[in-house]
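Please keep the sequence and the model in view while reading.

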Amino acid sequence: MEHGNIQRSNKFIPHLFASLSVIVWGITFVSTKTLIGEGLTPLQIFVYRFSIGYICMLPLMRRLWSDNLKDELLMVLGGLTGGSLYFLTENTALGITFASNVSLLISTTPIFTILLERAIFGTPLRKSLLGGSVLALAGVAMVVLNASMEFSISPLGDFLTIIAAILWAAYCLVVKRLSKKYDTFFITRKVFFYGIISVLPFFLITTDSSDYALLTHQNVWINLLFLGLLASMLCYLMWNVAVKGLGADKASNYIYVVPLVGILASAILLGEPLTVITLIGAAAIIGGVFIAEKCG
């Protein structure tokens, strides 16, 4: 009994950190869409957001490089999958579809995490995983078709969100691999660095003085500070602790909380529509993800 209590105690912090992270991330869809409305591009939002987080981490830096080139290349992969590529696809999606749609579709991440992990390690898929995946994908189809038919929203935004979900699944597996050798702070800082570096030349070419002037707007810098300090630096650190403590598949299961927060925040703060079909689709996505993760 005492051993069981110790095990539960050791898992409390990872579970808590995963919960807090996904709640904050559910609100970030609203914050990012607000910044797009203020005139910032998806690329600018990403660079500003990650730069704020990275600068805040610099005073705590203890080491510069990984132990070997292979690990350093994995850090680069983490910077792409969990940084630049992920946020460029997600932020672009937020510019052309509902924030509630993005928050819903990104919750398919756990299924993609399991599928990628099974593909890499060759573990056979169980019927429960396939069944959950089919249910979740049916929910995805309902959300996408309902938005495109009823509100004339381009399916491209929803497709980009699915790509973002796959990228985040890959990031979770990269972090799981790296966390066996490196602390979460070091991994997070390297991910931020390579995420910024990978798009910095294009950012400098496409951003002019009028774009920088937007940073003086109160609504802009408040949302950027929220995204950079809380949603990026703090939540990335907490998420990496959760992945290390729970494993990539179990930690990614918490992603299904994101759409619940995202839908409510989008409806309350942005006035986005809620339809019966969207809610049924949401239930199918979350239920399918739950079945796939618990039984897969």
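A disulfide is a pair of cysteine sulfur atoms within 2.5 Å. The model is predicted, so local features need pLDDT of at least 70 and side-chain atom pairs count only at pLDDT 80 or more, while totals for chains, interfaces and linings use all residues. Residues are numbered from 1 along each chain as its sequence is written, and side-chain values use heavy atoms, without hydrogens and water.

By the disulfide rule, the count is 0. The sulfur of Cys 235 lies 14 Å from the closest cysteine sulfur, that of Cys 56, which is too far for a bond.

| Residue | Relative accessible area | Class |
|---|---|---|
| Cys 56 | 35% | partly exposed |
| Cys 235 | 0% | buried |

The second topic is the largest pocket. On a 1 Å grid over the protein atoms alone, a pocket is an open set of points where a 1.4 Å probe fits, with protein on both sides within 12 Å along at least five of seven lines; lining residues have an atom within 4 Å of a point. The largest pocket holds about 290 Å³ of space, a volume being the space filled by probe spheres set on the points. Its lining has 13 residues, and Ile 120, Phe 121, Leu 173, Val 174 and Arg 177 lie nearest the centre. Two or more lining residues come from each of α3 (69–96), α5 (109–121) and α7 (155–178); α7 gives the most, with 5 residues. Helices here are DSSP runs (H or I, at least four residues), numbered from the N terminus.

Methods: Buried means under 20% relative accessible area, exposed over 50%, partly exposed in between (1.4 Å probe, protein chains only).
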